[in-house]
Amino acid sequence: MELKIKVFGVGSFRDRVLLRSVQVALDDLGIILPIEYISSIDEFMIQGLSGIPALKINDTIIADGATPSVAELKREIQQYVEEKRRAS
């Protein structure tokens, strides 16, 4: 499964909450996958982010300046997994 998850932040409490929530969502779904943590302001600008923390799954920004709940993250991740399976 080619699923790339990136969390963007600067180390704040909200950033750590998002990072942990993504890990919990992956664990709940039984998906073992690395989460890339990006703290470069230049990269935030390149990605077109307007706020932090932010979350990107593959090429789609899922959260920008927000911390979705674990349930919301699970829905988003599951959607990508199902789309990938249908495409295979």
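What follows is a short exchange about the structure shown above.

Biologist: What should I know about the model before we start?
Modeller: This is a predicted model, where local features need pLDDT of at least 70 and side-chain atom pairs count only at pLDDT 80 or more, while totals for chains, interfaces and linings use all residues. Residues are numbered from 1 along each chain as its sequence is written, and side-chain values use heavy atoms, with hydrogens and water left out.

Biologist: Sheet, then. In what order do the 4 strands come?
Modeller: The order is S2-S1-S3-S4, in an open sheet with mixed pairing. The edge strands, each pairing on one side only, are S2 (35–38) and S4 (60–64). Neighbouring strands are turned by 20 degrees against each other on average, direction ignored. Strands (E, at least two residues) and helices (H or I, at least four) are DSSP runs, numbered from the N terminus.

Biologist: In which sense do S1 and S2 pair?
Modeller: Parallel, over 4 bridges. Phe8 has Ile38 in S2 as its bridge partner. Two strands count as paired if DSSP finds at least two bridges between them.

Biologist: Which strands does H1 touch?
Modeller: H1 packs on the sheet and touches S1, S2 and S3 (54–57), its direction making about 160 degrees with that of S1. Axes are lines fitted to C-alpha atoms, for helices over the stretch in contact, and angles run from 0 to 180 degrees between N-to-C directions.

Biologist: And where does H3 lie?
Modeller: H3, residues 70–87, lies across S1, S3 and S4 and runs at about 20 degrees to S3.

Biologist: Ser21 is in H1. Buried or exposed?
Modeller: Ser21 counts as buried because its relative accessibility is 12%. Buried means under 20% relative accessible area, exposed over 50%, and partly exposed in between (1.4 Å probe, protein chains only).

Biologist: What is Ser21 in contact with?
Modeller: Pro68, Val70 and Leu73, leaving aside neighbours within four places in sequence. Contact means heavy atoms within 4.5 Å.

Biologist: Last topic, the surface. Which residues make the nonpolar patch?
Modeller: Val10, Ile41 and Met45 make a patch of about 320 Å². Val10 lies in the loop between S1 (5–8) and H1 (13–29), and counts as partly exposed because its relative accessibility is 47%.

Key
Patch = residues over 30% accessible without salt bridge, like charges linked within 9 Å, V, L, I, M, F, W, Y side chains within 5 Å. Areas by Shrake-Rupley, 256 points an atom, 1.4 Å probe, with all protein chains shown as cover. Salt bridge = Lys/Arg side-chain N within 4 Å of Asp/Glu carboxyl O.
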